Amino acid sequence: MRIMISVDIEGVAGVSETIQGRRGNAEYEGARHLMTQEANAAIVGAYEGGATDVIVADSHGPMRNIIAEDLDERARLVSGKPRPLSMIQGIDANHDGVLLIGYHAAASNAGILAHTVSGMAFHSIEINGIRAGEPTLFGGYAAEIGVPLLAVSGDDCLAGEISEQFPNAKTIVVKQALGAHAANSLSPAKSRELIRREVSAAVKNAKSAKVESPCTGALNVSVRFHKSLYADAASLLPMMTRHDAHTVSFDVKGHADAISTISALSLMIAGMQ
Ligand SMILES: [Zn+2]
């Protein structure tokens, strides 16, 4: 059984502040260790649940956070960016399930370090009128190629979003959001134990898991930027329709094109800083 694990950092137990996700400081070095160990807990759980092949996608910021030396040796590691499928790179239609570990709530929703793809660029993203978080995009892509979202870990706000958008996926709550930069978190050890146990149970049921996605078919993607300057830049692309000072939209045939276009906008705006 083949399992894909995408790992972010904001939803990891013990992480509550932006600086913990930014390179070049001691707090980041601690957080990437916590991230690596939650990835390992998911890998162990996946194998306990019957997985025979596991691929892990490092999916935060520069996508080079997981400490490769410390990663469970049974998993392959996808790292670095840009890459066409971003946080879900490595998945294919022959996978039996996907796990999102260390994830966070959507841009403009409540939750610890909530954002969608780029907190700097995007105020909010809607797909077919639905508020889109990263699971909407990447779990949506998996569903489009027939792979079910089995489980998602992060804070309680993320769990609420998953319950609405992927009601059959398991939610693993490792911390409660007290605010955008404040958490009431399990200890790392308890969080890993919970992830291992829940992932194991989810993978055991993978063969009967439901393939579901809040958005299907052709997608209309509406992007609201923090600054009108960013919308000016996005509007240079002929595929964009400008709606107001801060908002553009575009139409694509499916999730892969939505993911790559949003990634390109994010990279462009990062280059404007
Ligand atoms: Zn992240």
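# Loops, sheets and a zinc site in a predicted model

Serine 86 lies in the loop that runs between S3 and S4. The model described here is predicted. Serine 86 is not a glycine, yet its phi is positive, near 50°. Its relative accessible area is 8%, so it counts as buried, the limit being under 20%.

The loop between S3 and S4 also holds proline 82. The peptide bond between lysine 81 and proline 82 is cis, with omega at about -5°.

Methionine 63 belongs to another loop, the one between strand S2 (53-58) and S3. Methionine 63 is not a glycine either, and its phi is positive at about 60°. With a relative accessible area of 5%, methionine 63 is buried.

## The seven-stranded sheet

An open sheet is built from 7 strands with mixed pairing, in the order S3-S2-S1-S4-S7-S8-S9. Strand S3 (75-78) and S9 form its edges; each has a single partner strand, so one side of each has no neighbour in the sheet. From one strand to the next, the twist averages 20°. Helix H4 (residues 188-204) packs on this sheet and touches strand S1 (2-7), S4, S7 and strand S8 (170-179). The direction of H4 makes about 145° with that of S8.

Within the sheet, S4 and strand S7 (residues 149-155) are parallel. Leucine 99 is placed opposite alanine 151 of S7.

Glycine 111 is 71 residues from alanine 182 in sequence, and their C-alpha atoms are 9.1 Å apart in space. Alanine 182 is partly exposed, because its relative accessible area of 28% falls between 20% and 50%.

## The five-stranded sheet

A second open sheet has 5 strands in the order S6-S5-S10-S12-S11, and their pairing is antiparallel. Its edges are S6 and strand S11 (241-244), each with a single partner strand, so that one side of each is without a neighbour in the sheet. Strands of a sheet are paired through backbone hydrogen bonds, in a parallel or an antiparallel sense.

| Strand pair | Sense | Bridges |
|---|---|---|
| S4 and S7 | parallel | 3 bridges |
| S5 and S6 | antiparallel | 2 bridges |
| S5 and S10 | antiparallel | 5 bridges |
| S10 and S12 | antiparallel | 6 bridges |

Individual residues show how these strands line up. Isoleucine 127 has isoleucine 130, in S6, as its bridge partner. Isoleucine 125 is opposite valine 223 in S10. Asparagine 220 has aspartate 251, in S12, as its bridge partner. Strand S10 (residues 219-225) is mostly covered, with 5 of its 7 residues buried.

## Helix H2

How many residues of helix H2 (residues 134-144) are buried? The helix is mostly covered, as 10 of its 11 residues are buried. Among the buried ones are Glu134, Pro135, Leu137, Phe138, Tyr141 and Ala143.

The cover over the buried residues of H2 comes in part from strands, including strand S4 (97-101), strand S5 (122-127) and strand S6 (130-131). Helix H3 (156-165) and helix H6 (255-270) are also included in that cover.

## The zinc site

Which residues coordinate the zinc ion? The donors are OD of Asp8, two OE atoms of Glu10 and ND1 of His60, at 2.0 to 2.7 Å. Along the sequence, the donor residues follow the spacing D-x1-E-x49-H. Aspartate 8 and glutamate 10 are both buried.

The angles among the 4 donor atoms run from 53 to 133°, and the site is irregular. A tetrahedral site would need all angles between 85 and 135 degrees, so the angle of 53° rules that label out.

## Cysteines

The structure has 0 disulfides. Is cysteine 157 buried or partly exposed? Its relative accessibility is 23%, so cysteine 157 counts as partly exposed. Cysteine 215 has a relative accessibility of 1% and therefore counts as buried.

How values were computed
Residues numbered from 1 in each chain as written. Predicted model: local features only at pLDDT ≥ 70, side-chain atom pairs only at ≥ 80, totals over all residues. Heavy atoms only, no water. Donors = N, O, S within 2.8 Å, 3.2 Å for Na, K, Ca; no water. Tetrahedral: all angles 85-135°; square planar, octahedral: opposite > 155°, others 65-115°. Buried < 20%, exposed > 50% of the residue type's maximum accessible area, 1.4 Å probe, protein only. Helix = DSSP H or I, 4+ residues; strand = E, 2+ residues; numbered from the N terminus. Contact = heavy atoms within 4.5 Å. Pairing = 2+ DSSP bridges. Axes fitted to C-alpha atoms, helices over the stretch in contact; angles between N-to-C directions. Disulfide = S-S within 2.5 Å.
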